[in-house]
Amino acid sequence: MRKKRAGRRERRGASFNDRPFGSLQNPFPSVAVLAPEQEDQVHAASMRILEEIGLEFMDDEALDLWAKAGARVDRATQRVRMDRGLVLETIGRAPASFTLRARNPAHNITIGGRHINFATMAGMPYYSDLDSGRQPATLAHYRRMLKLGQMCSPIHVIEGVLVEPQDVPIPRRHLEKGFNQLVLTDKVYHQAAHGREITRDYLEMAAIVFGGHDAILQSPVFASVVNANSPLKYDDRMLGGLITYARAGQCTIITPFILAGAMSPITLAGALAQQNAEALAGVALAQLVNPGCPVVYGGFTTSIDMQTGSPSFGNPEGALALLAGAQLARRYRLPYRGSGSLNTSKAPDAQAAIESQWTLWPAVMGHANLIVHAAGWLEGGLVCSLEKFILDMEGLAMMHRFLAGIEVTDETLALDSIAEIGPGGHHFGTAHTLARYQDAFYMPVVGDRQNYENWQQNGAQDAAQRANRIAKELLAAYEPPPMDEAVREELTAFVEKRKLESTVSYY
C-alpha cells in the first residue's frame, strides 16, 4: 500500500505534455438528429436556394470560374445561380479523406473518416489571465499561446490567428505571425485566408519550410477557414484566399457563420438549409479551381440572443446544428469541421465549462473530423483566456481517454483475480491491480482530489488558479522544436524582405 501511495504522489506531477496523445479515431456510432426524410428535405431546400436564389461572389475570377462551369452568372449583381447537378458533380471531386503534413512527421494528421483532430481557439482580439486581466492581444501573447499549443499533447492543430497581435503594424502582422508559428511549433497548423497578398506570403513561407511549391501542392501542409459572409455571400477577401489556397493544393475549410434569427431564418431548419447551400457552393468553387484539392465542410450555426442581439454559444440549438451539419457532410462524403469550446462566459467559470461541453460533445458524437476552437475560447470569441485554455486541456485529455474505449481481453476481464479474492474481499493489493494501478484510470492534471483539509492547507486554489500555475510550468519547460538552420535563415530573409514590401492595409 505504501508503494501505491508513492505512485499516486508521483502522478500528481503529471502534465499535459507527458501523455502520448496521437491521432484519434471515434469508435462510437455517429449521432444523427435528422430523420432520413428530414435530411432529404433540408437537402432539397438547399438545392432550391442554389438554383433559384443563388449566392453573391464578389470576385471576378470566381465569377469567371462559375461561368465557365455553366452556372448562370449575373455580373451586374455578382449573383450566381447553379444547377444542383453541377454542384453535386463538382463536390464529388473532393477527397473524402486526406493527410495534412506537419513539420514534425510524428504530428501528421488525417482529416476524414472516423478521425478526430482538436485545434486551438482562433481569432481573438483580446487576451486574459489571472495575473494581468483582460487586455488587447500582443505579439508576446501570441507567442505564449503558440508555445502552449506546442506543449499540450491533446492539441493536434495550432491556429494561425490564436490571438490578433495588435501591437504589430497591419502590413507586417501576418508575416510576424507566420514566422513565429513555423519556428515555435512543429504541429499541423492553420493559416488565414485573407485576400491574395497575405495568402501568397503564407504559401511562400510554407514552401521554404516544407520543400518547395511542388512538394506542398502534392502533400498539403496547412488548412484555412474560409467564411461565407452569411447570408448568401462570399466577399472578395475570402474568395481571394479560397482560390489562392485551392490552386496551391492547400486545405480550405468552407464555413458559413450563421446566427439564426439574424443571418438566417430563426428556425433551425431554415438555418441549416442556408448553411448547406453556402457550404456546398464554397466546396464546389474550390473544386472548380483545382479538382481533387482537399476541402472540409464547415458548420458554425448557432442562435442569436433575441434580447441583446449578441451571439449565443454553448446552447442546445447550437448542439443540434453541429450534429445536423455533420450528418449533411456525411451525405456528401465530405470531412466535417465543428467547434469545441464555444461559450459566452466572461470568466473561466462554471458557465464557461457547461457551455463548452455543449459544443465539444456534439462535435465529437457527430463525428466531426476537425474541431476548431477546442481550447481557450471565452466571451463569445472575443477573448483568449490562458486559464480557460488549460481547463479545456483537461476536457480534451479526458476525451482522448474516453475515445480509447474499453479493452476487453482475458487479461482485462481478470477472472483469476476475481476468483482469488472471492466474496467480500478487496482488490487493492492483488497482482492484477499492482501491475496496472498507475495507468488504469485517468489522472487529472487540473482537477483536485484532495480532501478538504489538505486542499485548504495547500492554498485552497480553485480550478482557474491551478490552471494558471500549470500554464506557467508548461511555458517554463518549453523548448523550441528543431529547425534546419539553412531553412530558418531563408525563412527569416523572406520575412524581412516582405516586411519592407507588404502593401496589406487590412487584416
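**Questions about a predicted model**

Me: Of the contacts in the protein with a separation of 6 or more, what percentage is accounted for by residues 24 or more positions apart?
Reply: This is a predicted model, in which local features need pLDDT of at least 70 and side-chain atom pairs count only at pLDDT 80 or more, while totals for chains, interfaces and linings use all residues. Residues are numbered from 1 along each chain as its sequence is written, and side-chain values use heavy atoms, leaving out hydrogens and water. A contact means heavy atoms within 4.5 Å. Among contacts in the protein with a separation of 6 or more, the part that comes from residues 24 or more positions apart is 76%.

Me: Which residues does Ser-46 contact, leaving aside its neighbours within four places in sequence?
Reply: Ser-46 has its place in helix α2, residues 36–53, where helices (H or I, at least four residues) and strands (E, at least two) are DSSP runs numbered from the N terminus. Ser-46 has a relative accessible area of 0%, so it is buried, a word used under 20%, whereas over 50% is exposed and in between is partly exposed, with a 1.4 Å probe and protein chains only. With those sequence neighbours set aside, the residues in contact with Ser-46 are Ala-273, Asn-276, Ala-277 and Tyr-332.

Me: How many disulfides does a search of the whole structure find?
Reply: A disulfide is a covalent bond between the sulfur atoms of two cysteines, and here the pair of sulfur atoms must lie within 2.5 Å. The closest cysteine sulfur to that of Cys-251 belongs to Cys-293 and is 8.5 Å away, which is too far for a bond. Cys-251 is buried at a relative accessible area of 1%, and Cys-293 is buried at 2%. Across the whole structure, the number of disulfides found is zero.

Me: Is Arg-333 buried or exposed?
Reply: Although Arg-333 is not a glycine, it has a positive phi of about 60 degrees. Arg-333 is found in the loop between α11 (316–331) and β18 (336–339). Because its relative accessibility is 55%, Arg-333 counts as exposed.

Me: Is Glu-379 buried or exposed?
Reply: Glu-379, which is not a glycine, has a positive phi of about 55 degrees, and it lies in the loop between β20 (377–378) and β21 (383–385). Because the relative accessible area of Glu-379 is 17%, this residue is buried.
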